[in-house]
Amino acid sequence: MKDRNLRTKCIGVLAATVISFLIPGFTQSPYWMHIFINIWISIIVTASLRFIINMGEWSFAHVPLMGMGAYTSALLVMKLGLSFWLALPLAALITAVISIVIYLPCLPTTGTFFFFSSYAFGEVMRLCWIKFKDPFGGPAGLILIPPPNPIHIPGFSSIKFGYLSKIPYYYLSLVCMLFSLFLLYRLEKSRLGSIAEAIRESNLLSQFVGIKVWRYKMVILVIGSAFAGIAGSIYAHYTTLIMPVDFYWGLGVYIIIYATVGGTRHFAGPIVGVILFVFLRELLRPIVMYVPLVYGLILAITLTFMPEGLTGLTEKFFDRSKKGELAKAEGTNEDATAF
Amino acid sequence: MKTQLLSNNPILEIRNIEKRFGGLTVLNDLSFNVCQGEILGIIGPNGAGKTTLFDVITGRYKPTAGTIFFKGKDITGLKPHKVIEAGISRSFQLEVLFPNLSVLQHLIIAYHLHTEVSFLGSLFGTSRSRKKAKATEAKAIELMNFVGLEDQRDKPASNLSHGYQRSLGIAMALGPKPELLLLDEPLSALSPKRATVILDLIRKIRDKGVTVMVIEHNMGALFRICDRVIVLSVGRKIAEGLPDEIKINQEVIKAYLGGAVDV
Amino acid sequence: MIGAYGTWLFFQILGINYFISIVLSMIFVTIVAVLMERIFFKPMRGYHIPSFIMSTGLIFVLQVSIISLFGVKDKSVDSVFNGLVKVGGVVISMERLMIIPISSVLIVSFYIFLLRSRAGRAMRAVMQNPDAAALVGVDIDKICSLGMGIGGALAAAAGGLMAPIFVLNPYLGPPLVWEGFIVVCLGGRTSLPGTLLAAFIMGYLRSFVSTLVDPIAAQICEAALLGIILVFKPQGLLGHEG
């Protein structure tokens with residue numbers, strides 16, 4: 001029974017992957033390419049946020065850290081002359097290191113406190129981009145970020161990134177997304193994933209079976225931030241223009257909305273959420289002004305009537321009461337030391 | 001059955017422990033020893049500081065004064081995970097479990113300290129790590145059978161009955177393979193039938209070589225299995241000795257507000 | 001923000017007396033707030049993060065509603081009190097000065113309500129232990145709606161008072177709430193004197209840093225201050241647990 005389920009899932013994932021590779025075969029319009037690139041990048045950010053939520057904490061510094069990845073990557077290429085292909089992993093690494101600084105003071109806090117302290121320190125970082133024109137470019141940000149260097153395939157012509165076609169960007173973001181999702185999935189199934197679940201379910205009990213809670217929390221936060229850095233890097237070199245306002249709290253809320261409506265219980269939740277909302281925004285193009293309102297309403301309705309999100313509705317096995325899900329979203333509220 | 005020969009080896013030494021919360025002194029100049037291999041009962045009226053004693057031993061709170069020695073090493077004020085690594089673990093008075101995880105998942109996590117799966121290995125699902133994971137799962141199943149939870153294997157903890165949750169709580173405390181186990185009111189709110197099951201479990205645990213300290217209000221049940229008893233009242237030790245002695249001890253009877261000690 | 005717009009609507013556009021305008025918009029906002037509480041926040045009761053997420057979603061709804069009704073462009077409201085006053089070597093507009101007594105009245109009345117009235121006591125009880133309060137017969141629903149309603153009314157009043165001084169646009173809300181949030185966290189959520197103290201600290205901090213360096217640096221300091229307080233003394237400077 002379990003195997004049959006697993007096999008259907010595998011086939012489904014494989015099919016989805018193949019289809020997503022074939023999409024440029026159906027349409028190459030820059031409009032649609034842009035939408036999909038947006039989707040792939042957003043999925044990386046949302047899925048990595050969900051990875052963090054899986055351990056019981058909601059971070060409001062996640063999107064600013066994506067911004068850090070963007071700025072880092074752009075600066076590495078622009079100021080140090082590195083190739084994008086080197087800058088991308090380096091940006092992820094540097095973002096991970098910086099996230100240690102951001103999250104370290106937040107570790108003693110949990111729940112809402114963590115939420116707001118992560119926001120506070122993320123905001124400090126973001127304000128630094130606004131304040132320091134050199135090297136961050138101040139409120140106007142960085143412009144003319146170079147696109148990735150061409151990939152030379154021996155025997156064939158090279159793949160050029162530039163203004164001519166979005167297709168290379170499409171595949172770049174798609175491959176990065178698949179890579180990130182693969183890693184995030186494996187991480188969740190690994191021992192780290194079960195430890196994360198334990199911490200989420202009960203900080204106190206986790207301590208008392210010998211789990212060094214704060215250390216694992218930090219590991220998870222750093223890993224999640226690395227993926228945010230990857231997303232940021234791709235974003236920077238795709239849009240060639242980044243400003244501090246691109247990563248303000250509103251975007252963080254959007255990502256949280258994608259994750260919540262999609263469902264934080266399941267790995268596929270963020271994917272569903274992102275796809276839903278991006279297509280929704282396109283549908284609402286004629287009344288683009290109302291997009292935040294619609295988003296807000298959908299969030300309100302989802303939280304009220306199906307707090308597990310869309311993927312949570314497919315849960316048939318366990319009797320998950322609404323209280324249990326909300327408790328999961330809240331994190332456990334025991335007065336345990338976080339260290 | 002009480003063991004006749006208790007080794008006089010103190011595995012835990014409580015020396016002049018004091019714990020204050022603001023102006024309230026919860027533990028006051030408390031001293032006693034726990035002998036290796038015994039089942040030690042801790043009783044006392046509500047508010048005597050019994051749970052706080054456990055909290056202080058296991059590092060949840062730091063004592064304001066005094067020292068604690070475990071197997072000769074000073075463990076006063078150590079953080080919880082260090083205390084667990086040293087070999088002491090505890091269960092909690094009110095259920096502390098992972099509400100949405102299944103019993104089996106609980107027990108696999110319980111073995112966290114003694115699991116050898118390497119991180120990278122489990123990340124990529126190497127065959128070696130999978131074998132190790134299987135070994136841990138086997139250990140978890142063994143523990144599950146030991147405490148009598150085999151029928152509840154895949155049930156999420158929040159769906160378990162009270163009695164099973166209690167067994168699971170005890171099982172979680174066994175995962176870190178402690179030498180000293182602290183049980184906080186394991187029999188509270190249990191039917192007599194279930195209480196007997198838990199009592200048998202405690203005996204089984206001791207027979208495996210684990211020293212056990214048990215806080216309980218149900219003295220009738222407790223006195224059936226413990227070797228010695230310590231009585232606390234308002235943070236002080238007011239009596240120490242064999243169950244039969246405690247039953248007739250005047251101080252103890254007075255401490256329980258003049259009522260006869262419930263046997 | 002809604003309160004400010006309400007005042008603008010009643011006072012500037014419809015020509016109703018300034019103070020009555022404020023009261024009218026307070027009433028309107030109270031109704032909206034209570035409705036929101038009943039419909040959207042009630043299921044979230046006790047769960048903080050989903051409540052916060054919900055409120056950010058509703059922020060979007062409110063902002064877009066205002067935009068669709070009145071447009072994005074800034075609005076302004078005429079001053080009610082004219083003239084400048086010299087206080088201790090600094091020149092302040094009468095408008096700003098009048099805010100102090102008016103808001104003091106509001107704050108003091110609220111404080112009296114919270115401390116003396118029956119409903120106020122009930123509210124404090126619910127804050128400390130909702131289950132115990134329910135057990136002694138407090139109607140939790142009513143209290144929650146009341147709390148939301150009063151909060152909304154006071155916010156609307158603040159908006160109305162600010163209207164003549166600042167330009168109005170739909171995005172006013174969050175930055176102000178953010179500042180207020182820092183003040184409350186800094187001072188202590190359980191302590192009113194703490195809030196006043198924190199407000200003073202914030203005010204001075206902002207002035208000093210803004211003049212010494214620049215406003216952005218001031219914002220950085222404020223954010224950092226919030227982070228530090230949340231980490232080291234989450235109950236605030238003068239607050240206490242629970």
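Over all chains, this predicted model holds 22 salt bridges, a salt bridge being a side-chain nitrogen of Lys or Arg within 4 Å of a carboxyl oxygen of Asp or Glu. Residues are numbered from 1 along each chain as its sequence is written, chains are lettered from A in the order in which they are written, and side-chain values use heavy atoms, with hydrogens and water left out. Because the model is predicted, local features need pLDDT of at least 70 and side-chain atom pairs count only at pLDDT 80 or more, while totals for chains, interfaces and linings use all residues.

Helices (H or I, at least four residues) and strands (E, at least two) are DSSP runs, numbered from the N terminus. Both B:Glu38 and B:Arg228 are buried, where buried means under 20% relative accessible area, exposed over 50%, and partly exposed in between (1.4 Å probe, protein chains only).

B:Glu179 counts as partly exposed, at 30% relative accessibility, and B:Lys71 is partly exposed with 44%.

Turning to chain C, C:Glu179 forms a salt bridge with C:Arg206, and the closest N and O atoms are 3.3 Å apart. The two residues, 27 apart, connect helix α8 (residues 173-187) with helix α9 (residues 192-212). C:Glu179 is partly exposed at 27% relative accessibility, and C:Arg206 is partly exposed at 30%. Back in chain B, salt bridges that share partners join B:Glu38, B:Arg228, B:Lys237 and B:Glu240 into one network.

The surface also carries a patch of positive charge, in which A:Arg215, B:Lys62, B:Lys79 and B:Lys82 gather. Patches are made of residues with over 30% relative accessible area and no salt bridge, like charges being joined within 9 Å. A:Arg215 belongs to helix α10 (residues 213-239) of chain A and counts as partly exposed, at 44% relative accessibility.

Technical notes:
Patches are made of residues with over 30% relative accessible area and no salt bridge: like charges are joined within 9 Å, nonpolar side chains (Val, Leu, Ile, Met, Phe, Trp, Tyr) within 5 Å. Accessible areas come from the Shrake-Rupley method with a 1.4 Å probe; for residues, only the protein chains shown count as cover. Lys and Arg count as positive and Asp and Glu as negative; His and the chain ends are not counted. The place of a charge is taken as NZ of Lys, CZ of Arg, CG of Asp or CD of Glu.
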